Amino acid sequence: MNAKRTDKMATGILYGVAAFVVIILVALLGYILIQGVPKISWHFLTSPALAFEAGGGIGIQLFNSFYLLFLALLISLPISLGAGIYLNEYAPQNTVTGLIRTTIEILSSLPSVVVGLFGYLFFVVQFKLGFSILSGAFALTVFNLPILTRSIEEALANISDNQREAGYALGLSRWETVTKIVVPAALPSIITGVVLSAGRIFGEAAALIYTAGQSAPALDFTNWNPFDISSPLSPLRPAETLAVHIWKINSEGIMPDAKAVSAGASAVLIIAVLLFNFLARWLGKRLYKHLTAE
Amino acid sequence: MSTILTTENLSLFYGKKEALKGVNLDFEDRGITALIGPSGCGKSTFLRCLNRMNDLIPNVTITGEVNFNQHNIYAPTMDTVQLRKEIGMVFQQPNPFPFSIYENVVYGLRLAGVHDKERLDAAVEKSLKQAAIWDEVKDRLHANALSLSGGQQQRVCIARVLAVEPDIILLDEATSALDPISSRMIEETLLNLRQDYSIITVTHNMQQASRISDRTAFFLNGELIEVNDTKQIFMNPVRQETNDYISGRFG
């Protein structure tokens, strides 16, 4: 066989493999959206779930998902940012920091169900937080920290050393160089990393089943006192999220329209994650433009 | 003429390797001094000793003294942040920050606590004029500095250094990444600045050294071989090595 034919064959095979991947993805997405989108209505998005009757919604689960996401990011972002800055800007290259990097890598591939069980033993049982938003947010932090730290570290590493030298040569201290030049220059890719990790958190179920719980008690949306257990803001109430809800009704749902609710909730979940992805790109570009010129 | 900067027995080691061997060199106040020599001769390393940029490289040991206005910059009490405001630096690769031209130029001033808009505007105009790029960018001061050509970026970098009004400007092969026309413009910029600043430039380009510098120092293998008025160095060098290098026999 000559080189030309081999090349043609290789090209053909690669196209085939790529098409295969695309078809699977499109089919999967299409199936979920076609099954689910017709079920979505304003009523579905806002009303509470019903355990035994048809016509329940996902309002509380949707709110819980966003609230947990917000809390998880609130905790994990500052830590990841600090860790990323330390690892990329301050840490010397030695065995200790090598060990830290390896640990982060191992943690980032930890199955989320393991994170969930760890969260159950540690936050729910040991710290007596119970099945609560707080336990869930901590578990999601454990789940998110390694990935976010890595993505922030990479964003910083992509900023050329020329920029740092320019900062030092202007008389900036190392801290000023980091906060006023390196981080702003890396901000678009940091934001992209944060929003993408938000998508992962939003869709996470296994880490939450044993931490944030599988029940969504009724919420009083007129009560915004975070210390009141029926308030949506209360961090100590159990909070089933959208992803957990989907898992739950598929495994033990007894409402007559379980299939429809599950399909609708899946579509909402997928759409939200897609929106996060588009938002990440859009925000990254916008921010870069805004930071680099008027 | 008075000297502004002197090095006494300045040596630098990368680990065990001696990259600079006891350099004694005086720089006069105002004018351009060129540091020439073949690659790896230590001229860039020497330049980076003068504002302590080598501090950032691990495993570097420096002995001897660098005296700037009668103070040893390697004294433990030296504030490197303050030092680098007085001794500015322009690098081989143009490295504007990914912000607007205006923001680049006022960066040092803003950090020094200047927030008065009129003062900043005036500094931008003055610095960009000094760097001979005002006419090219005055209508788009708020465009991204990275949208400029390499030569323009380099002149913005020079303006950025000028804005904080340093005493000395170090240039580390500042034209070697640029095309000949841009290099020429940078050279003219430097010639305009030589009355007001002490400029120390490392260059591979001997024609450039002879065109713009008042004094030239020739380095070889980490040693300062010869330093004199540029005309003397190029027309009538004392040392054989200098003669060999400038006549193109090596390097």
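Q: Is Asp135(B) buried or exposed?
A: Start with the scale: buried means under 20% relative accessible area, exposed means over 50%, and partly exposed is in between (1.4 Å probe, protein chains only). Asp135(B) counts as exposed because its relative accessibility is 60%. This is a predicted model, in which local features need pLDDT of at least 70 and side-chain atom pairs count only at pLDDT 80 or more, while totals for chains, interfaces and linings use all residues. Residues are numbered from 1 along each chain as its sequence is written, chains are lettered from A and ligands numbered from 1 in the order in which they are written, and side-chain values use heavy atoms, without hydrogens and water.

Q: Which residue meets Asp135(B) in a salt bridge?
A: The general idea is that side chains of opposite charge can pair when their charged atoms come close. The rule for a salt bridge is a side-chain nitrogen of Lys or Arg within 4 Å of a carboxyl oxygen of Asp or Glu. Here the partner is Lys138(B), at 3.8 Å from N to O. Lys138(B) is partly exposed, at 38% relative accessibility.

Q: How many salt bridges are there over all chains?
A: The count by this rule is 20. One of the pairs is Asp172(B) with Arg48(B), whose closest N and O atoms are 3.5 Å apart. Helices (H or I, at least four residues) and strands (E, at least two) are DSSP runs, numbered from the N terminus. Both Asp172(B) and Arg48(B) are buried.

Q: What does the salt bridge between Glu165(B) and Lys126(B) tie together?
A: Glu165(B) and Lys126(B) meet at 3.2 Å, N to O. Glu165(B) is in the loop between helix 6 (150–163) and strand 7 of chain B, and Lys126(B) is in helix 4 (residues 117–130), so the pair ties together parts 39 residues apart in sequence. Glu165(B) is exposed, with a relative accessible area of 52%, whereas Lys126(B) is partly exposed at 45%.

Q: Which residues are linked in a network of salt bridges?
A: Arg184(B), Glu187(B), Glu188(B) and Arg211(B) form such a network.

Q: Where is Lys289(A) found?
A: Lys289(A) is in helix 11 (residues 258–292) of chain A. Its relative accessibility is 64%, so Lys289(A) counts as exposed. The C-alpha atoms of Lys289(A) and Pro188(A) are separated by 9.2 Å, although these residues are 101 apart along the chain.
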